Amino acid sequence: MEKGLNITTEFTSGLQILFNNIKKHKVVLPETENPWTLGMLLFWIKDNILVDKDKCDLFMKGNTVRPGIIVAVNDQDWELLGDLKYCIKNNDNITFISTLHGG
Amino acid sequence: MCSVNEEGAEVFEVLKPIEPLELKCRKCLIEDGNVVLQKKFVYCKTCFVPMVTHKFRATVGKSKLVNRGERVLVCVSGSQSSVSLLHMIWTGLQQSTYKRLTFEPVVLYIDESVLHDYPLDQVKKIKELFEKYGLTYHIVKFSAAVYLDNCLNKDTNVDQYNDKLQNIFNNLSDLTLKEDMLMKLRKRAITKLADLLKCTRIMTAENEHKLSIRLLSNVALGRGSQISLDIGLAVNNKNNNNTSLVTIRPMRNLSAKEISYYALFNKLDDFMHSNFLTATSEDESIQKTTERFVNDLQVDFPSTVSTIFRTGEKISEKTSAIAYCLLCQGIMEVNVSPSSAMEATKYSKYVSLMGVKALKLSLKELKNEETNEKNCNGCKCRNKQDLKEKIIESLCYACTHIIQELESLDDLPEEILNKEKERLQFKKMEEQIKDFLL
């Protein structure tokens, strides 16, 4: 497996309050044995960027995002890319948009 | 989901196992898709944006409510929806002549930083955004909008009103009521500002999603009779004045997802816009519970929201309304039949309070009984209690709950109190001249 992946994650429409009020996070994903998938990324975000761990359930539910949160990879709907199974590539821009009432 | 087949039996249609989605845009069939709507319709970026804009234009156009050159108050809260609304209007104004929007938008931002912690530079950023669009805009502090008549004057000191406002919300311990009150005060403020700015139309940016959640929670809150006022496209705010204000919700045919992608594709930045429910647990308020209910359903049944919404649309308001609630300006149920839900709730509350005694007294005596209990005879608080009780008479069912939680009425906008006093005067006068009337 190649070295770490450079990606940008973006949290908008209220989600940023869970992430220190910063919308854009440039992150480097460490090397792993298996290729990075969106499903893995979610847990990684939870463990690494999420500030308030108590409020984790505002972001995730089970092993996926909470209903009402939209995920887009490079402006493309993740539903088109195989949801959680999508393999993240270098320089991907992953956007999380909340459509929920007041975040 | 359910369908009736030829034999007339109901069959539950099995959701097909995830079939591979078409990867091409269903409209142009050339480009690769970017967005999936309702789990089956794939659009590419280039086809998606015009589609959304078209829906918006159709909603505005269909209503035929905005005339050429009319001043329209565009309420922008900073949320993604409202930022998108602003962008759509602005784009509409740049179009070539035959497609151009012809009304005159006045943008309004109500600064609610008194109640929520916003980043300090939020107002500045909003200002920059408005400047960029080059439309007429006003930024008003929430407390000023609620309490003051000349709230457009920026120099007025609003500190004391800030306290009043915070007082109201601190008094309300229940999140459901807090949020409800906020919505009502916001609406009041917007109506008032529209008047001051000489706007005859108001545009707000609620989307289909938000409106269906509001619809269901309104029913749960006991605001069933006001549904059409709260979610309809055009609402006549003809509250006994001769001004007729119409609220238009041009985004009501757009789903939350459509708006999110519209904002994403147009690189629109949204701002923090919290309310009391932000980051609270889902079980703490009716609104939030409803939201979860709708969202969870929506995951498996993508037409949930539109079904709720279309059903809600069919509910129309009573035309023969005579009384309006003092606080929310919604229609009030007056002279309800004794078998109504409202009376039943009252009675059940009464029985649970009084126990066996309830059998002896009839419901009519309930009121007297209550008054007697509440008045601590002779002491000073009596007057206040009196006013509270009187004011409750002119409130709708849901608003009485809010007022009952408030400790004192002093923090309410004066306007409301004055109106109530006026009403009482009228009543008194009517009483006095009753005998002379033919």
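Colleague: Which residues is B:Leu327 in contact with, leaving aside its neighbours within four places in sequence?

Modeller: The model is predicted, so local features need pLDDT of at least 70 and side-chain atom pairs count only at pLDDT 80 or more, while totals for chains, interfaces and linings use all residues. Residues are numbered from 1 along each chain as its sequence is written, chains are lettered from A and ligands numbered from 1 in the order in which they are written, and side-chain values use heavy atoms, with hydrogens and water left out. Contact means heavy atoms within 4.5 Å; on that criterion B:Leu327 touches B:Met181, B:Arg188, B:Leu395, B:Cys399, B:Ile402, B:Ile403 and B:Ile416.

Colleague: Which residues touch the most other members of the largest nonpolar core?

Modeller: A nonpolar core is a set of buried Ala, Val, Leu, Ile, Met, Phe, Trp, Tyr and Cys residues joined through side-chain atoms within 4.5 Å. The largest has 53 residues, and B:Leu73, B:Phe142, B:Phe169, B:Met181, B:Leu327, B:Ile391 and B:Ile403 touch the most other members. Its largest share, nine residues, comes from α6(B) (helices are DSSP runs of H or I, at least four residues, and strands runs of E, at least two, numbered from the N terminus). A second, separate core of 49 residues includes B:Tyr133 and B:Met251.

Colleague: What makes B:Cys75 buried?

Modeller: Buried means under 20% relative accessible area, exposed over 50%, and partly exposed in between, with a 1.4 Å probe and protein chains only. B:Cys75 has a relative accessible area of 10% and is therefore buried. B:Cys47, at 12%, is likewise buried.

Colleague: Why are α7(B) and α10(B) called oblique to each other?

Modeller: They pack at an angle of about 130°, with their axes 9 Å apart (axes are lines fitted to C-alpha atoms, for helices over the stretch in contact, and angles run from 0 to 180 degrees between N-to-C directions). Angles under 35 degrees count as roughly parallel, over 145 as roughly antiparallel, 65 to 115 as roughly perpendicular and the rest as oblique. The two helices are therefore oblique.
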